[in-house]
Amino acid sequence: MKRVLDSYCKFLRILLTLLMGLMIVPVCLQILSRYTGFIPRYIWTEEIARFCFVWIIMIGAMIAVRDGTHFDVDLLPRPKSRKAEGLFRIIRHLAMLLMAFVFAWDGIDFAKFGWMQNSEMSGINMMSIYISFPLAGFTWILFLSEKLKQDIDLIRHSKPEGRS
């Protein structure tokens, strides 16, 4: 399973890189049309850049959950043992998992709502953008399941206090 998740994460990184490169095109067109008179002003470029940006944010959040670089808030004191560290990580990952389920569940309805809409400027079906939310939720569920397994292994394999 780890190999599959590694491959999926690698795919997400490649997709993120491609989207960053793709976003450069409409942004450059916007800049050139503002400061030069020979390129017409394109209204759709702002919209396409915004849609790329939404996908970049969601894919970046997916990768950050896998890498453990997504932001979190330290509400609990620093653990003194490996077992306590594993327990605190489980609590943190379960809270993140709860949000992942919200994104996955409510994101499906959001994507269905997008199916009935088209962008006014570019004509793109909005589901192509809104689908990023449930996809992020399901991806977080996958990655957090892996993290929870690691947390449980950390608790199981930690030595009791006072032993070497």
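Modeller: With Arg89, which is partly exposed at a relative accessible area of 22%. Keep in mind that this is a predicted model.

Colleague: Which residue forms a salt bridge with Arg89?

Modeller: Asp151, with the closest N and O atoms 3.0 Å apart. Arg89 lies in helix 3 and Asp151 in helix 5, so the pair ties together parts 62 residues apart in sequence.

Colleague: Is Asp151 buried or exposed?

Modeller: Buried means under 20% relative accessible area. Asp151 has 0%, so it is buried.

Colleague: How many salt bridges does the structure hold?

Modeller: Nine. One of them joins the side chains of Glu146 and Arg66, at 2.7 Å from N to O. That pair links distant parts of the chain: Glu146 is in helix 5 (residues 132–156), Arg66 in helix 2 (residues 44–67), 80 residues apart. Glu146 and Arg66 are both buried.

Colleague: Which residues are linked in a network of salt bridges?

Modeller: Lys2, Asp6, Arg66 and Glu146.

Colleague: And the nonpolar surface patch: which residues make it?

Modeller: Val73, Leu75, Leu76, Leu87 and Ile91, over about 520 Å². Patch residues need over 30% relative accessible area. Leu87 has 45%, making it partly exposed. Its place is in helix 3 (residues 82–115).

Definitions and conventions:
Residues numbered from 1 in each chain as written. Predicted model: local features only at pLDDT ≥ 70, side-chain atom pairs only at ≥ 80, totals over all residues. Heavy atoms only, no water. Patch = residues over 30% accessible without salt bridge, like charges linked within 9 Å, V, L, I, M, F, W, Y side chains within 5 Å. Areas by Shrake-Rupley, 256 points an atom, 1.4 Å probe, with all protein chains shown as cover. Salt bridge = Lys/Arg side-chain N within 4 Å of Asp/Glu carboxyl O. Helix = DSSP H or I, 4+ residues; strand = E, 2+ residues; numbered from the N terminus. Buried < 20%, exposed > 50% of the residue type's maximum accessible area, 1.4 Å probe, protein only.
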